[in-house]
Amino acid sequence: ASLFGAIDMAPRDPILGITEAFNADTNPAKINLGVGVYYDDGGKVPLLQCVQKAEAKLIEQLSPRTYLPIEGLAAYDKAVQELVFGAGSAVIQEKRAVTVQALGGTGALKIGADFLKRFSPNSEVFISDPSWENHRALFESAGFIVNNYTYYDAQTHGVNFEGMLDSLRKMDAGSIVLLHACCHNPTGADLTQEQWGQVIEAVKQGGLIPFLDMAYQGFGAGIAEDGAVVGRFVDAGGPLLVSNSFSKSFSLYGERVGALSVVASSADEAARLLSQLKRVVRTNYSSPPTHSGKVVAMVLSTPELRQLWEDELAGMRVRIKQMREALVEKLAQKAPGRDFAFVREQVGMFSYSGLTKEQVGKLREESIYAVDTGRICVAALNSKNIDLVVDAIAKVL
Ligand code: PLP
């Protein structure tokens, strides 16, 4: 018998499964709301101007492709650290934060997970109910037991905050709690600033290890506004891990560019910690790729490119908000019996629309694809397809 003869088929990724079904659909008017990608109003994944300009400069420079340091390009790590913690912040000046370039947000989470498994092996991990579908698998594959904490309330379409606090207060000291810094995926339901204060307090009181996943910085209220929660955790003291991604905010999905930052209690501790993070990277893929790190570093640290990026990101953020607004208004006309006003309050690329699995199935008969949970990607709506979507939703309700 063959060595691999007894291997079972792995379960299909639910979201990629939707894409496959979408690709196989021959209806020219088909719409895919199942994705986790920002599309512009023309239905295209944008290639940002700031990226094009940085790439043009890089091509002129014709640099050889030597290995990067294990922790990544120094200029990248510095620029990202300043973005994540704020330029000139005390934690940077005191050299208590370390930042390593990573293969997207997923790569950053994986480095963090492997690192934590070495230095806090008996901790259990808690993720929101629900969460990005890869969180559980990723931490389990690093060897952790993964639990849920209470988060979404389907009745209110918002956060069950009392339930969340209750979950946090019941966790054992040393538990790792994974929090979405902004633009919660999949629900679109975020904490208020006041609620974050209470979460930070509970994390501190409970001796928990916070791990902030920031995959959508700039898609909520703004770059600084969305990132402010990081500074609040730093100010509260204690350990902190932050994964961030430029997949969405730079529209560089396939370039795999992100970072993991860890806050230590002293510069000396940070130096030891960095040496261990490098070991994790070294034994996984040795060092990150050059191109995307150079692009992002150049954009973040060149004033006119930085301004262009901030403007382009603001454009994406505003367009999503306009689509939320349009969806709510149009549904109010076409489906007056149902209140979708909550879609306006949700933040980021996604909306838990409240559609049931059956309704999502009926939408599919109209060639409109969404996730079974009712998650729709608001960033896949545009001025040309929104009426089709609204009519179809009104029909299946
Ligand atoms: N974390 C969350 C919450 C996400 O939604 C995503 C991507 O969809 C990621 C992490 C991974 O980001 P990346 O594509 O950069 O690996």
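Predicted model: local features only at pLDDT ≥ 70, side-chain atom pairs only at ≥ 80, totals over all residues.
A crossing of two helices is right-handed if the near helix is turned clockwise from the far one by less than a right angle. I note that here because it is the term I needed for the helix pair below.

**Entry 1: confidence.** I found a mean pLDDT of 97 for the chain, with 100% of its residues at 70 or more. For the complex, I read off an ipTM of 0.99 and a pTM of 0.97.

**Entry 2: the annotated domain.** I looked up UniProt next, where an unreviewed entry places "domain: Aminotransferase class I/classII large" on residues 30-393.

**Entry 3: α8 and α9.** I then turned to helix α8 (residues 193-205) and helix α9 (residues 223-236), whose axes lie 10 Å apart at an angle of about 35°. I have the crossing of α8 past α9 down as right-handed. From α8, I list Trp196, Ile200 and Lys204 in the contact, and from α9 Val229, Arg232, Phe233 and Ala236. Sorted by class, I count five nonpolar and two charged residues there, and no polar ones.

**Entry 4: around the ligand.** Which residues are around the ligand? I wrote down Gly36, Gly104, Gly105, Thr106, Trp132, His180, Asn185, Asp213, Ala215, Ser245, Ser247 and Gly258. By class, I have nine polar, two nonpolar and one charged in this shell.

Technical notes. Residues numbered from 1 in each chain as written. UniProt positions renumbered as here; feature names shortened; annotations may be inferred. Axes fitted to C-alpha atoms, helices over the stretch in contact; angles between N-to-C directions. Helix = DSSP H or I, 4+ residues; strand = E, 2+ residues; numbered from the N terminus. Contact = placed C-beta atoms within 7 Å. Nonpolar A, V, L, I, M, F, W, Y, C, P; charged D, E, K, R; others polar. pLDDT = per-residue confidence, 0-100. Near = placed C-beta within 6 Å.
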